[in-house]
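Dear colleague,

Please find below the structure that I am handing over to you, together with its sequence. My findings follow after it, arranged by topic.

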Amino acid sequence: MTALESNTTAAGSGPVERHRPTASATSTSTPTPTPTPTPTPTPTPVADIPARRRRSTRSRVGSLIWYVAVIVLSIITIAPLVWTLSTSLKPATEILAGALNLIPADPTIENYLTVFEDVPFARYFVNSLILGIGGAITNVFFGGLGGYALAKLRFRGRSGVFALFLASLMIPSIVTMIPTFLILRGFPLFGGNDVLGQGGLGLLNTYAAVIVPGAAGAFAVFFMKQFFETMPDELGEAARIDGASEFRIFAQIYFPLAKAGMAVLAILSFQAGWNNFLWPLIVLNNPDMMTVQVGLSSFVNNYETAFGPLMAGTVVASLPVLLIFIVAQRYIIEGVAHVGGK
Amino acid sequence: MSVQPVASGTLPSGALPADVVGSPGAAGGPPRRGSGSGGRRPAHPTARQMRWNAWAFLAVPLALFAVFMLLPIVMAAVISFTDYAIVGDSEWVGLENYTRIFQDAFFWIALRNTAYYTLLYVPLGLVVALGAALLLNRSRRAVRLFRTLFYIPVVSSTVATATIWYWLLNPQKGLLNVALGWFGIDGPAWLYDSQWAMPAIVLMSVWAGFGVNMIIFLGGLQGVPGDLYEASRLDGANAWQQFRYVTLPSLSRTTFLVTTLLIIGAFQVFDQAYVLTKGGPGNSTVTMVYYIYNKGFGALEMGYASALSFVLFLIILIFSLANARLSNPSGDAGERRSRRLARKAVSAR
């Protein structure tokens, strides 16, 4: 499919490139250079047409090499995914026959039924959704507020707070994992705990155990700060003179302007929450609380050679994030570039 | 630069509130100047109000930061000097955990495996990401399609990609060995072979992760001034020389960022090893985080695991600093400082 699409684009760009030299040739008759949309490579004198032809064949060869390289790389990236989807739709006998046909000879949804019947995958799915959406909402709200304060409000200690957040990004999460587990377990008055945090399981095995520690991640604050900094200070100052409260300035002036940034952060937070593995593995032991990722990983152990159900589980586990990515891919990629560029 | 589409997307909608606020602000033009310089009287209450609001806005992030970042770090430091194990009494053991690490054969195995992974993964991840970015750094319509395709593996979780590769790397029926068979190559047993298990995990990780760094590199490439290429072309530089003397130096900041991210990520590799091999075969894929996880939450030796995690932190810190030295950040800091000064000058006005 990809090869087909790129072939048509290649064919489509062909005539355009051939057309361009003629356009510049006509422009030589007029004294002023016509504003061509794309910069033409070095204006060739009319005399050495062979040189130009040579260059155009060379550029066509270069173009061909480019397409070959890009398509090979695409196949390497996409083939495993296509093969996963195809395996998930094949009956066990066809998979074990070892045939490499991408289109199942005898397509079946049996594997998907196995996944949902043998394990409470629907329940895992809901759990992951709650954790992903919860993480997205809290990170956008608190990250937005914190990032806004660091970007647009002036107060002593601002750079110190920012440095603190930034420095924490350097600390490997494994360092804080054991104490955080203990803090959640000893959280006072929750999960059968007394005021001193003794006696029960605290927040372990609750959604809060995953959502709360990451509710205002340093990354979210950092991301939103960068985003708010691109907006002019004058908007807030004008409203401040008119007597608007700081929260109103945030909520009514800057918040609506930051929608695009918040959408990107929401998507990235959802993805991170959905894909998170190690932390839910540690704090959610109750089978009813397991996430899709944890469920899938135990699947790998229990269904070692049942590749059909395994691949079906993988497809289900990837579907939400893939769908979001397909819809919002432009914004996600630009958001990543935005953070990386800082 | 690459921000532009996002920013331009907001601007049309942003134009509305700006105008709405701007029109009373037009009348407030002179007073605005008054609040800045001459208005010492009104500046005090607003400054105080702003300070209060700033701390109020930051209250939740800071509270969470204190409870789930600062407190855990302190606790981890304390626990690492005890033999805490959740159940039973714990005792202060001083530096015993730290001295024990150096005699722990498993620690050295885990460290060696992690170092091996890092040594393979960082250069490979860097080269693949930069190569893909260079390929896509041109103005063709097809670029956007391929950019999206290359990014897709990034979106899936490591567990999902690991599961995919678990099937892909199957010695008999897996896609990889079957494809190698077409060329007459008898593929290894990959995850079942202690020689090949780690390279297989590296391969999988590069495949799954190069898209992010490719995007970061693309952003960096767009920042390379076009006239540098033109000048070098006039000087007769070939493609390789342009890459070596124009592209690479201009990308030093981006390369530094990407290598740092790769190093930090590589030393913390866990998911793949947990899902694919459980540390096997023959302990060849026991990584540092995997070992710490096993000690802390498997054997419940939380004191020892905490000490291990600090050692890992120290190792990451050393490598990150070494990388910063190697990447010649002096020009970097200077550039950042000048940019900060410029920003200050603008905001002062």
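I begin with a charged pair in chain A. Asp233(A) and Arg154(A) form a salt bridge, in which the closest N and O atoms are 3.6 Å apart. Asp233(A) sits in the loop between α9 (218–229) and α10 (234–241) of chain A, while Arg154(A) sits in the loop between α5 (121–152) and α6 (158–168) of that chain, so the pair ties together parts that are 79 residues apart in sequence. Asp233(A) is partly exposed, because its relative accessibility is 24%. Arg154(A) is partly exposed as well, at 44% relative accessibility. A network of salt bridges links Lys152(A), Arg154(A) and Asp233(A). Please bear in mind throughout that this is a predicted model.

Salt bridges in chain B

Over all chains, the count comes to six salt bridges. In chain B, Glu301(B) forms a salt bridge with Arg100(B), and the closest N and O atoms are 2.8 Å apart. Glu301(B) belongs to the loop between α14 (288–298) and α15 (302–326) of chain B, whereas Arg100(B) belongs to helix α4 (residues 96–103), so this pair ties together parts that are 201 residues apart in sequence. Glu301(B) is partly exposed, with a relative accessible area of 26%, and Arg100(B) is partly exposed, with a value of 33%.

Glu301(B) also forms a salt bridge with Lys295(B), the closest N and O atoms being 3.5 Å apart. Lys295(B) has a relative accessible area of 16% and is therefore buried, since buried means under 20%.

The contact between the two chains

How many residues of each chain take part in the contact between chain A and chain B? On the chain A side there are 107 residues, in contact with 98 residues of chain B. The two chains bury about 9700 Å² between them, and 79% of this area is on carbon and sulfur atoms. Within chain A, the residues that lose the most area to chain B are Trp66(A), Trp83(A) and Ile178(A), which together make up 7% of what that side buries. Helix α15 (residues 307–340) of chain A gives the most to the side that touches chain B, with 17 residues. Sorted by class, that side of chain A has 67 nonpolar, 26 polar and 14 charged residues.

Between chain A and chain B there are zero salt bridges, but there are nine residue pairs in polar contact.

The nonpolar core

The largest nonpolar core has 193 residues, and the members that touch the most others are Phe228(A), Val283(A), Phe146(B) and Phe150(B). Leaving aside neighbours within four places in sequence, Phe228(A) is in contact with several residues of chain A, including Gly144(A), Tyr148(A), Phe250(A) and Met262(A). Lys152(A) is also among the contacts of Phe228(A), and Lys152(A) is a member of the salt-bridge network described above.

Chain B and its helix α7

Chain B has 16 helices and zero strands. Of its 349 residues, 47% are buried. Among the contacts in chain B with a separation of 6 or more, 67% are between residues 24 or more positions apart.

Why is helix α7 (residues 158–168) of chain B said to be largely enclosed by the rest of the structure? Ten of its eleven residues are buried, so the helix is largely enclosed. Among the buried residues are Val159(B), Ile164(B), Trp165(B) and Trp167(B). Ala162(B), which lies in this helix, is buried with a relative accessible area of 0%. Leaving aside neighbours within four places in sequence, Ala162(B) is in contact with Met204(B), Val275(B) and Leu276(B). The C-alpha atoms of Ala162(B) and Ile201(B) are 8.5 Å apart in space, although the two residues are 39 apart in sequence.

Backbone details

The peptide bond from Gly280(B) to Pro281(B) is cis, with omega near -15°. Pro281(B) is found in the loop between α13 (271–276) and α14 of chain B.

Asn205(A) has a positive phi of about 65° although it is not a glycine. Asn205(A) lies in the loop between α7 (173–185) and α8 (208–211) of chain A and is partly exposed, at 21% relative accessible area. Trp190(B), also not a glycine, has a positive phi near 45°. Trp190(B) lies in the loop between α8 (175–182) and α9 (197–222) of chain B and is buried, with a relative accessible area of 7%.

Yours sincerely

Definitions and conventions: Residues are numbered from 1 along each chain as its sequence is written. Chains are lettered from A and ligands numbered from 1 in the order in which they are written. This is a predicted model: local features need pLDDT of at least 70, side-chain atom pairs count only at pLDDT 80 or more; totals for chains, interfaces and linings use all residues. Side-chain values use heavy atoms; hydrogens and water are left out. Contact means heavy atoms within 4.5 Å. Buried area is the accessible area (1.4 Å probe) that two parts lose on being put together, summed over both. A salt bridge is a side-chain nitrogen of Lys or Arg within 4 Å of a carboxyl oxygen of Asp or Glu. A polar contact is a pair of N or O atoms within 3.5 Å; within protein, one must be able to donate a hydrogen and the other to accept it, and residues adjacent in sequence count only if both atoms are side-chain atoms. Helices (H or I, at least four residues) and strands (E, at least two) are DSSP runs, numbered from the N terminus. Ala, Val, Leu, Ile, Met, Phe, Trp, Tyr, Cys and Pro count as nonpolar, Asp, Glu, Lys and Arg as charged, and the others, Gly among them, as polar. A nonpolar core is a set of buried Ala, Val, Leu, Ile, Met, Phe, Trp, Tyr and Cys residues joined through side-chain atoms within 4.5 Å. Buried means under 20% relative accessible area, exposed over 50%, partly exposed in between (1.4 Å probe, protein chains only).
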